[in-house]
Amino acid sequence: MLFQQAVLELGAQVTVLDPARVLEDGAALEEIARLLGHLYGAIACDGLPPAVVRRLTAAAVVPVVEVQALLTPAQGLGADAQERRRAAQAALIAALR
């Protein structure tokens, strides 16, 4: 939720897919990655197995980022939600460069 809110505040559009449903049809994973790459400027993964993230990264035409890897530094910033969102935004921008 923190990541989604931070991205929305940057003006991005967000679509959330149910990973269980996406993973049910493994053959279509590459097609989904290509489609998302044409619709969005990046794909963020949260809680997906590393092998799935690697397949998405290989098939996508846009950057694929692992949300937990980005947010780990932001989670240690205390209770200030605005500070955590700003840290998440900075991490996302750095990851996409």
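Good morning, everyone; of the 97 residues in this protein, 30% are buried, where buried means under 20% relative accessible area, exposed over 50%, and partly exposed in between, with a 1.4 Å probe and protein chains only. Please keep in mind that this is a predicted model, in which local features need pLDDT of at least 70, side-chain atom pairs count only at pLDDT 80 or more, and totals for chains, interfaces and linings use all residues. Residues are numbered from 1 along each chain as its sequence is written, and side-chain values use heavy atoms, with hydrogens and water left out.

Let me turn to the overall layout. There are 6 helices and 2 strands, taken as DSSP runs numbered from the N terminus (helices H or I, at least four residues; strands E, at least two), and along the sequence they follow the pattern α-α-α-β-α-β-α-α.

Finally, which residues does Val22 contact, leaving aside its neighbours within four places in sequence? With contact meaning heavy atoms within 4.5 Å, they are Leu17, Leu29 and Ile32. Val22 lies in helix H2 (residues 19-24) and is buried, with a relative accessible area of 16%, while Val22 and Ile32, 10 residues apart in sequence, are 8.3 Å apart in space, C-alpha to C-alpha.
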